[in-house]
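Hi there,

Here is the structure I promised to pass on. My notes follow below it.

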Amino acid sequence: MNFAKRWVALVILAATTLFSAATFAQDYPTRIITLVVPFAAGGPSDVIARLLANSMSQTLGQQVIIENVVGAGGTVGAARVARAAPDGYTLLIHHLALTAAPSLYNNLTYDTRTAFEPVGLVNTGPMVLVGRKTLEAKTAQDLIAYFKAQGDKVTLAHAGVGSNAHLCAILLSQALGVKQVYVPYNGTGPAMNDLVTGQVDALCDQSTTAVPQIIGGNVKGYIVTSEQPLDVIKDVATARIAGVPSFDMAIWHGLYVPKDTPREVVLKLNAALGKALTEPLVLERFKAVGTTPFPKTEWSPQAHSKRFLAEIDRWGRLLKVAGVTPATAR
Ligand code: MLT
């Protein structure tokens, strides 16, 4: 084939490829979308994901189904999405643990900084330290005294190395100056079940799932890591009141797709997420468990990306200061 014919064939191929990519993004979505939750069902990430999935299914006109892909503090689920096709049909909901993982795992199969396309920020909220209801400690101060006296006889459940619950446990042990025994689970759903039946002493959980258990009398709420007490659990002391001011931590969830997902698809998902965060039912459920959506000014993928990259550095510094490395984190 001479040069001219080759050139024409190349131009037609390029035009066809561009046209089909544009059509693809325009028609998206045309089939079921999977939202990967990297922790077990029943935990806070799962609860938030199901709330979003219900709303986004309506907006997108295609079902958004939840797939719990558990293990290794949420990094197994993250890896599943990192290697998924960048076509908008595999989403990830994750939180600050995704940004702490590079400082806690030597064997990640993905580059945290580049493997994901941030779609948008979801919610932010405090952690709550809850104890088994048979603990004698009545107040936060009693619990602090008990934990300091018991040292490594105390068992703290968490959702895997690097999970919010694990990072929160590290901050607590550091604030108390004690070594405590950490008991890993595939999410705080199963961890909470063992706390309710008294198999472990305490758990640092997101307010999303801790609040209903406290209100239901299944566990005792001792310390909330927010600046102010939560309206829904007014009697639970803040870390400052409890006397451990450095025990403060706010979690946040974001939505992600694999890198190279078409921009138009990212923007469609971002718009559907934004709609979910204005829905009365979603806002009501968030309020009832002490978590809040990000302000509209932070809803863009760019704002999410800025926070995401900053958090990777922040948790790197925090964990280094705490002397927590992939070797010592277990
Ligand atoms: C965590 O990081 O502690 C998880 O979010 C808990 C969960 O969602 O199961």
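How far does a polar side-chain atom of serine 45 lie from an oxygen atom of the ligand, and what is that distance in Å? The distance is 3.0 Å, and it counts as a polar contact (a pair of N or O atoms within 3.5 Å). An N or O atom in the side chain of histidine 95 is 2.8 Å from a ligand oxygen atom, and a backbone N or O atom of threonine 188 also lies 2.8 Å from an oxygen atom of the ligand. The protein buries 100% of the 260 Å² that the ligand exposes when taken alone (Shrake-Rupley areas with a 1.4 Å probe).

Before going on, a word on the source: this is a predicted model, where local features need pLDDT of at least 70 and side-chain atom pairs count only at pLDDT 80 or more, while totals for chains, interfaces and linings use all residues. Residues are numbered from 1 along each chain as its sequence is written, and side-chain values use heavy atoms, with hydrogens and water left out.

Residues around the ligand include Phe39, Gly43, Asn164 and Gln206 (near means a heavy atom within 4 Å). That shell divides into four nonpolar, eight polar and no charged residues, with Gly counted among the polar ones. Domain 1 (31-124 + 251-321) and domain 2 (126-242) both give residues to the shell, so the ligand lies between them; the bounds come from an automatic or database domain assignment.

Two backbone details are also worth a look. The peptide bond from tyrosine 28 to proline 29 is cis, with omega near -5 degrees. Alanine 72 has a positive phi of about 55 degrees, although it is not a glycine. For context, most residues other than glycine have a negative phi, and most peptide bonds are trans.

Best wishes

Technical notes. Polar contact = N/O pair within 3.5 Å; in protein donor to acceptor, adjacent residues only side chain to side chain.
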